[in-house]
Amino acid sequence: MSNQDNVSELVQHINIKEGILGEKKINPKMSALLRQAAAESIVLLENEGVLPLKAQSKLAVFGRSQIDYFYVGYGSGGEVNPPYLVNVIQGLEEKDLVLNQVLIEKYQTFSANNIVEDGIWGQWPRFLEEMTLSNEEVKSASEDSEIALIVIGRAAGEDRENVLEEGSYYLTQKEKKMIDQVTHYFEKVVLVINSGNVIDLSWTENYAFSAILFAWQGGMESGNAIADVLMGDVNPSAKLPDTIARHYEDYPSAKQFGHEEYVEYVEDIYVGYRYFETFHPEKVIYPFGYGLSYTQFAMDSELLVNDKSVTINVSVTNIGEMPGKEVVQIYHEPPQGKLGKPKRNLIAFKKTELLQPGQTESLNFEINLQDLASYDDSGVTGHPFSYVLEAGEYQFYVGDSLINLELVGNYHLEKLLVIQKLKQIAAPVENFNRLVATLEDGQLVETYQPVTLQKESVKERVLQHLESLSEVSSEETFLDTGKTVSELIHSFSKEELDALTRGEGPMNSPFGPKGNAGMFGGTIESLRQKGIPPVITTDGPAGIRLNYYASLLPCGTAFASTWNLELLKVIGIEFGKELVGLGSDMILAPGMNIHRNPLGGRNFEYFSEDPYLTGKMAASYVIGVQSNQVAACPKHFACNNQETNRNYNDSRVSERALREIYLKGFEICVKESNPYSIMSSYNKINGVWAHYHFDLATEILRNEWEYQGCILTDWWMRMAKDPNFEHVENNAYRVRAQVDILMPGGKDFVTKECDDSLIQSLEHLDGITLKEVQHSALNVLNLIQKIKG
């Protein structure tokens, strides 16, 4: 889907627009929850006392995004038809403020006369042209208003990265001029960044802003949320889910991003704050976990050492003058040992309730030592392909951000402890050098060493798997068919098994509401006659992407910025109800890929640079959604960390980084929330497309993590032959990896049919086995049973 030659097909067959259907139904409970989430996601970066605004403050608002707000990013994850949208001006108009109406009218006129279309797939606007202001206009506004509010907007989207250009990562000349003018004539200037991605903020150090807010794209309640925070009706409690470095070149992935053929993950496990805290804290403007409040908090912590865990008790007291919430963050610093490790690693967090001035809340954390283990993919510790705890001091820090931590205690480990002995899986097959931390003269310095290459062929692991594969056995009665799952599976013909492991064909199935992403399950008449119902999928994560009105949620990064697990679960519950009401069975969400680089086009859909925060947020969402007997589908498994040539690009990553960074969030989500389905990614991982990746789908996801759910491809796949088995290709290759369903089912955008590669492979003695296909059928039927039973 990244080839521009296919743009016209994408517009017709992916971006389905047949007019918006149904009523503009508004769920007051959902609206209130989304307003709360959007407000709790706004990070207060700076405040010299101008915020919160006082009643009757005279405010002049600058920047086109005050009206033409970016509520969400672009692409399949953002194309939702909300029943309403609240921009910044509309939110402020509901408050007790004196707004500069002359200026508002000028922006409204400019906006109406300079309408910017969203554009076609992959060519959406990253910014909107600013209105030219004369010095006299700005000066006049300053004479009528005491405070200026500047809103700078940015958007990103699927199938395209942000770029190191003005209007994307950097300010435009018109934006610079506007900021110069406003800061010249106004003494009090509040800056709001409206974006779903991190952008350059180094220029803010050249101005004396009275306050700075980073407002991640907050969905349909964005304007109300911003107004609530500016007025102090909501005390900001958000914390950054990403590091904001001083320069793009400071990010460790800067030179290895956006390449066409392959990307080498040279920074290894040192992603985001793990890199900066270990090597270059001085290169950070705003650190991970950072965010201010209108009140102050005090933390009193104690650590208790247990046999194989530590208990940390934290009392949080509001010592300020306003009610507020605080996020308690716990990091550990492991001994460097022979492996080398990041100096700070997030291991736990909790958000308090709303604390009144003087009120205290006690929070308790139980941290298992095994969760601190590092993966040895080289054998340097003497235990290759194992999670280990190296001997030494494990120190624990408690605070409200990376720059405000206190050491609360340590756990001393006398000797190395092997936590889990595994086998080499999905390691690189091409050599490159990766970053390691080396201790020199008491300082950790950056050095590079060759990655450990894959030793054993995947063919040996596949053969071992086939030898141990059991017959399909399930005595549970399937829905109301009167037959057991096993009886049904054994009754299927080869053609029916093939149909069960593919979607119906194109998107927008006639069996579901208009604009759906496709259907699987009862894809052919004979399957439906046997009692297999159609299962309807819908794009997410910013909402339900149909030709109907649906709630527009804050973007993934905004949700992560709340650090509020309970809130996301409750929103998931309401969202699941909405999904049921619109006639869909599965939401293709949450997005879980790591913010490896700030230019990533779909970063807004995903949560964070940190795998722990990502996994915990995703698990809360999944639990909420699936409480309604519908399926969530976390995506994209795995390493879909750039959009450039995403269908063919090879993510070359060490096994250690793969496990500790890029799979860890998925592991947490799987083990804590049991998502009914998972979506594979488009890209290759160490030379193998994700939808053919036996090591990821079978060895790690199913065998190591004991996942029993269903795995779907992302929409369409690359046809290929299995290099290890002559008569296994395309759909047979996919099913052998236990990627159960090709979605939406056809071989391209418009074709309903695929090929007969699975059936042809079954005809060969050295092709795919019937048992393998039946196991995928079992996974599909078990999923259907959960949501239709």
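Q: What makes Glu 277 a buried residue without a salt bridge, and which side chain of opposite charge is nearest?
A: In this predicted model, where local features need pLDDT of at least 70, side-chain atom pairs count only at pLDDT 80 or more, and totals for chains, interfaces and linings use all residues, Glu 277 is buried, a word that stands for under 20% relative accessible area, with exposed meaning over 50% and partly exposed lying in between (1.4 Å probe, protein chains only). A salt bridge asks for a side-chain nitrogen of Lys or Arg within 4 Å of a carboxyl oxygen of Asp or Glu, and the nearest side chain of opposite charge, Arg 344, is 4.6 Å away from Glu 277, which has no salt bridge. Residues are numbered from 1 along each chain as its sequence is written, and side-chain values use heavy atoms, with hydrogens and water left out.

Q: Where is Glu 277 found, and which residues is Glu 277 in contact with, leaving aside neighbours within four places in sequence?
A: Glu 277 belongs to helix 8, residues 273-279, where a helix is a DSSP run (H or I, at least four residues), a strand is a run of E of at least two, and both are numbered from the N terminus. Contact means heavy atoms within 4.5 Å, and the residues that Glu 277 contacts, once those neighbours are set aside, are Lys 343, Arg 344 and Leu 402.

Q: Why is the protein chain called as compact as a globular protein of that length?
A: The protein chain has 21 helices and 30 strands. Its radius of gyration is 26 Å, close to the 28 Å that the globule rule gives for 789 residues, so the chain is as compact as a globular protein of that length; the radius is taken over C-alpha atoms, and the rule is 2.2 Å times the number of residues to the power 0.38. Buried residues make up 66% of the 789 residues in the protein chain.

Q: Why is Val 780 called buried?
A: Val 780, which has its place in helix 21 (residues 770-788), has a relative accessible area of 0%, and is therefore buried. Not counting residues up to four places away in sequence, Val 780 touches Leu 500, Phe 520, Cys 710, Asp 740 and Ile 741.

Q: How do you know that helix 16 is largely enclosed by the rest of the structure?
A: Eight of the eight residues of helix 16 (residues 655-662) are buried, so this helix is largely enclosed by the rest of the structure. Among its buried residues are Glu 655, Arg 656, Arg 659 and Glu 660.

Technical notes
Lys and Arg count as positive and Asp and Glu as negative; His and the chain ends are not counted.
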